Amino acid sequence: MTERSGLSRRGLLAGVAGVTAATALPAAPAWGADDLRPGAVHRPNLDRYDRQVVSGLSSERALEHLQVLSERIGPRIGGTASEKRAADYIAGQLDRFGYRTRLEPFPVADKFLAQITDVRGLLPDDLCWQAGAAPGGKLDVTVEGPVRDVGPATAPVWPADPALITGSIVIADDTAAARPAFVAAAAARGAVAVILLPADGVFPRRASAFSPSGLTDAPIPVVGVAQVQKRLIREALGVVSSLPLRISTAAHRGLISNNVIGERRGKSGPNGPIVMVSGHYDTVTGAPGANDDGSGTVLTMELARVFSRIPTDATLRFALWGSEEQGLIGSRYHVKQLAQDQRDRYRAVFQNDMVATSWDPAVTYWLLSFTGLANAATDAVRAAGQRLGYDAQLVGPVQRGASDHQSFQEVGIASANFSWRGELAPSFLEPPYHSPEDTIAKNVSPERLQVSMELIGCATYAVARG
């Protein structure tokens, strides 16, 4: 655990002002405390404590934070410089709200990333063009050339004129078993790079960017793109005579990721109960992470702002986890550091992961428990949902891990994950999930974000006030 210098945070905050002023945000929802919420079955029946929380929440403020995270910083891959920029920004905000804030560092695996640049400006620029780089390919280089599509890597259709491959960037439909031979053949023909295209996911899934494995000392860069990037490159090739791209690859080694934790001691004192609100702020490769999990991050930040002015019996902790996408590494590291007497102090942990998608079928707000059983967190959110009029849209608790609540439930701490997803099952996630299209414009609903903040805010206060 380390304290931080404020210099980098102040520098980022100064730069943020211009971005948030220049970039248009979706209109924030405007409803009164007693108004019917979108999708609710009845008007709310709020108590005076709920009103205290609801009246202070602002999705507009939350969206401004989301703009910084998903647009200015972009993909926040665990342990990389971009994730650290996000950690410093979040910590700076918690400092401003008056919390005792700390970074909790831990080591993570090396990362191999690529950036694709469209030289002619023909490809859409409203999504992310980061991709994964093969650790066994050429790294820390930049190459440029026209794109040549040779079809499937298992049976590539090389042009009769070898000169058409020399100096080009070859694209092919990927098959893991075919990678070594295909990359070797492309390099032997003079290609300067290979872009491997994933098989399409089954709707609503879309394949994510990936770092191709199975290569050793390939003499050229090899990158793996997402399904939407694949589609856009091939569509462009269908209508232009030349599509020159620039590819840069980078190896990120010796990495340290960070949890960000802000605390305000409650009236019950240093040994009193703890209530935690959390999300994860990192992303997968190639995804700006506006909903996953920028939305849970900014929900946590906005609740921290509101609760900075509301006394509670319990100590409040607001935590943003690093490296969740690599296997809950940050939250598991944090829980491992907690002595049993600390674990026993927790009343509830409210984990928020993907709480604002604009995907129309995501009409269900899922209460997800690693054990499948109800606990203090699920009970409090269900009760808050009933007071807010959302009885019918709350489903659960349903057994599901795969987010940071699992780390706490594995050691017996009451926790759950809360998320908007498709109504048939919590596995039905929006098409932009883990993709370059996980942006504010394409995948965030201010209304769902506001409702999520109200649900978690009211539940948190009910558990924390004593």
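Trainee: What does K84 count as, judged by relative accessibility?

Mentor: Buried means under 20% relative accessible area, exposed over 50%, and partly exposed in between (1.4 Å probe, protein chains only). This is a predicted model, in which local features need pLDDT of at least 70, side-chain atom pairs count only at pLDDT 80 or more, and totals for chains, interfaces and linings use all residues. Residues are numbered from 1 along each chain as its sequence is written, and side-chain values use heavy atoms, with hydrogens and water left out. K84 has a relative accessibility of 34%, so K84 counts as partly exposed.

Trainee: Which side chain does K84 meet in a salt bridge?

Mentor: Side chains of opposite charge can pair when their charged atoms come close. A salt bridge is a side-chain nitrogen of Lys or Arg within 4 Å of a carboxyl oxygen of Asp or Glu. At 3.0 Å, N to O, the side chain of K84 meets that of D88.

Trainee: What separates D88 and K84 along helix α4?

Mentor: Helices (H or I, at least four residues) and strands (E, at least two) are DSSP runs, numbered from the N terminus. D88 counts as buried, because its relative accessibility is 6%. In helix α4 (residues 81–96), D88 and K84 are 4 residues apart, which means that they are separated by about one helical turn.

Trainee: How many residues apart are D110 and R253?

Mentor: The side chains of D110 and R253 meet in a salt bridge of 3.6 Å, N to O. D110 lies in the loop between β1 (100–108) and β2 (111–118), and R253 in the loop between β8 (244–252) and β9 (255–264). The pair therefore links distant parts of the chain, and the separation is 143 residues.

Trainee: Which residue forms a salt bridge with R347?

Mentor: R347 has a relative accessibility of 27%, so R347 counts as partly exposed. The salt bridge of R347 is 3.1 Å, N to O, and the partner is D313.

Trainee: How many salt bridges does the structure hold?

Mentor: Some of the charged residues form a network: D126, R206, E437 and K442 are linked by salt bridges. For the structure, the number of salt bridges is 19.

Trainee: How far away from D292 is the nearest side chain of opposite charge?

Mentor: D292 lies in the loop between β10 (274–280) and α7. D292 is buried yet has no salt bridge. Lys and Arg count as positive and Asp and Glu as negative, while His and the chain ends are not counted. The nearest side chain of opposite charge is R421, at 7.6 Å.

Trainee: Which side chain is joined to D292 by a polar contact of 3.0 Å?

Mentor: A polar contact is a pair of N or O atoms within 3.5 Å; within protein, one must be able to donate a hydrogen and the other to accept it, and residues adjacent in sequence count only if both atoms are side-chain atoms. The contact between the side chains of D292 and H280 is 3.1 Å. The contact of 3.0 Å joins D292 to H434.

Trainee: How many aromatic pairs are there?

Mentor: Rings of Phe, Tyr and Trp (its six-membered ring) pair if their centres lie within 6.5 Å; planes under 30 degrees apart count as stacked, over 60 as edge-to-face and the rest as tilted. By this rule the number of aromatic pairs is 11.

Trainee: What kind of pair do the rings of W321 and F408 make?

Mentor: The ring centres of W321 and F408 are 5.7 Å apart and the planes stand at 45°, so the pair is tilted.
W321 is in strand β11 (residues 315–321) and F408 in helix α11 (residues 405–409), 87 residues apart. Both W321 and F408 are buried. The kind of pair is therefore tilted.

Trainee: What is the angle between the ring planes of Y346 and F408?

Mentor: Y346 has 8% relative accessibility, so Y346 counts as buried. The ring centres of Y346 and F408 are 6.0 Å apart, and the pair is tilted because the planes are at 55°.

Trainee: Over which ring does the charged end of R465 sit?

Mentor: A charge sits over a ring if NZ of Lys or CZ of Arg is within 6 Å of the ring centre and within 35 degrees of the ring normal. R448 lies over the face of W420, 5.6 Å from the ring centre. The charged end of R465 is 3.7 Å from the centre of the ring of Y49.
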